[in-house]
Amino acid sequence: MATTLTARLSPRALGRRLPAAALAWTLAYGALRAYWAAGHRPHDMSPIGTDLVAFTGWAGAGLCGAAALVLAALTLPRADRLARAPRLALAGAAWTAAACLAASGAMLLLDVVGAVLPGLGLGFYPLGALSRAAVVAAGIMTALSARAYTARTRTGPACAACGRAAAAPGALPRTPAWAYGAAYLAVAGCLIRIVAQAVVGFAESPLSGGASAMLFEAGFVLGGCLLPLALVHPFGRTWPRWVPGLAGRGVPRRLVLWPGAAISGGLVVYFGLMLLQMFWERLHGRNPFPPEGGLDLPEAFFWVAVPAYFAWGAGMAAAARFYARRTRTPCPSCGR
């Protein structure tokens, strides 16, 4: 009985069920998008009207359909027995679909900030936020399905308990130079963004003042300076001596990893898409951020601030990846 239950709950077994769950979720959301595209979409779902970016209207429904086709292929048992080239193509299609789904819900970052700190003056659109959360969830599930498929079909023997191949990277015993570099790149991105605001003036901001603004600024500094460093330095794994009642104890892994992964993912998706849009507008001779709503900032400000945000997110994503490997519990069966 215990052996059967362990087999059902093993990462390898769950990795086979995940594409089916992702398929059901994506089909349901795709049906909703098709209904909205047929002329039933609610109004005022975001500051720009539409709930998604890049894939709107029937394009959003088509994206869900394409992702569903890929997920359906991943659920087939014969997909694991494909030759190397078709297997790589299927995995690449799954990763591409996941990236497009996540990118289309890029404004979810603003939804989270606006919901947590309503006093900032950011408009919050509940139905639009739910739609963006749903499409980002579809992207995450598709990415996890692609990751599980890649791990499952990797050449070489795999552990039956954890599903990791013998050639899979194990936990890192120490902090490598690239992890330090990634963390300090994130800190540099945050500081450059602050300096850019200081140059144009802190009064030139679309955010309202008050307690919400103070909390946002405190979280901004902590998320841009303390959190990246906690991902690579010992105080992110063991409470320092100056923390009353917790000194010397292990820091809960989720307390550091989950915020690091969530913030870095939001920054990379949102500002990565914004950076691409800026290049597109400038290549066509247009100002990516024309003065509007009483906010008139020089274009140079955005060419400093947006890449800084992206560097912040990319650096912290790499540091979070290191932290995940550094703090991973080894498999009792294979030791990886």
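The paragraphs below walk through this predicted model, from its overall make-up to a few individual residues.

Some ground rules come before the tour. Residues are numbered from 1 along each chain as its sequence is written, and side-chain values use heavy atoms, with hydrogens and water left out. Since the model is predicted, local features need pLDDT of at least 70 and side-chain atom pairs count only at pLDDT 80 or more, while totals for chains, interfaces and linings use all residues.

Let us begin with the whole chain. It holds 10 helices and zero strands, where helices (H or I, at least four residues) and strands (E, at least two) are DSSP runs, numbered from the N terminus. Read from that end, the order of elements is α-α-α-α-α-α-α-α-α-α. Of the 336 residues in the chain, 40% are buried; buried means under 20% relative accessible area, exposed means over 50%, and partly exposed covers the range in between, using a 1.4 Å probe and protein chains only. Among contacts (heavy atoms within 4.5 Å) with a separation of 6 or more, 77% join residues 24 or more positions apart.

Next comes confidence. The predictor's confidence in each residue, from 0 to 100, is its pLDDT; the chain has a mean of 86, and 85% of its residues reach 70 or more. Helix 3 has the highest mean pLDDT among the elements, at 96, whereas helix 1 (residues 2-9) has the lowest, at 41. Over residues 1-10 pLDDT stays under 50, and the model has seven contacts beyond four places in sequence for this stretch. Where pLDDT is low, the predicted coordinates should not be read in detail.

Now for the helix packing. Two packed helices are described by the angle between their axes and the distance between the axes. Here the axes are lines fitted to C-alpha atoms, for helices over the stretch in contact, and angles run from 0 to 180 degrees between N-to-C directions. Helix 4 (residues 84-104) and helix 6 (residues 126-152) have axes 7 Å apart and pack at an angle of about 160°. The two are therefore roughly antiparallel, a label for angles over 145 degrees, with under 35 counted as roughly parallel, 65 to 115 as roughly perpendicular and the rest as oblique. Residues making this contact include Ala91, Ala94, Trp95 and Ala98 of helix 4, together with Gly139, Thr142, Ala143 and Ala146 of helix 6. Their crossing is left-handed, that is, the near helix is turned anticlockwise from the far one by less than a right angle; clockwise would be right-handed.

A second pair lies further along the chain. The axes of helix 7 (residues 177-200) and helix 8 (residues 211-230) cross at roughly 160° and come within 8 Å, so helix 7 is roughly antiparallel to helix 8. Among the residues in contact are Tyr184, Val187 and Cys190 of helix 7 and Phe220, Gly224 and Cys225 of helix 8. This crossing is left-handed. Leaving aside residues up to four places away in sequence, His233 touches Tyr180 and Tyr184.

Back in helix 3, look at Cys64. With 3% relative accessibility, Cys64 counts as buried. Its contacts, not counting residues up to four places away in sequence, are Thr26, Tyr29, Gly30, Arg33 and Leu101. Cys64 and Val135 are 71 residues apart along the chain, yet their C-alpha atoms are separated by 8.8 Å.

The last stop is the loop between helix 2 (11-40) and helix 3 (58-75), where Ser46 is found. Ser46 counts as buried because its relative accessibility is 4%. Its side chain reaches the backbone oxygen of Thr50 at 2.3 Å. Beyond four places in sequence, Ser46 touches Asp51, Met107, Tyr125 and Arg132. Asp44 counts as exposed at 60% relative accessibility, and Ala54 is exposed with a relative accessible area of 60%. Most residues other than glycine have a negative phi. Asp44, not a glycine, has a positive phi of about 55°, and Ala54, not a glycine either, has a positive phi of about 70°.

Notes. A polar contact is a pair of N or O atoms within 3.5 Å; within protein, one must be able to donate a hydrogen and the other to accept it, and residues adjacent in sequence count only if both atoms are side-chain atoms.
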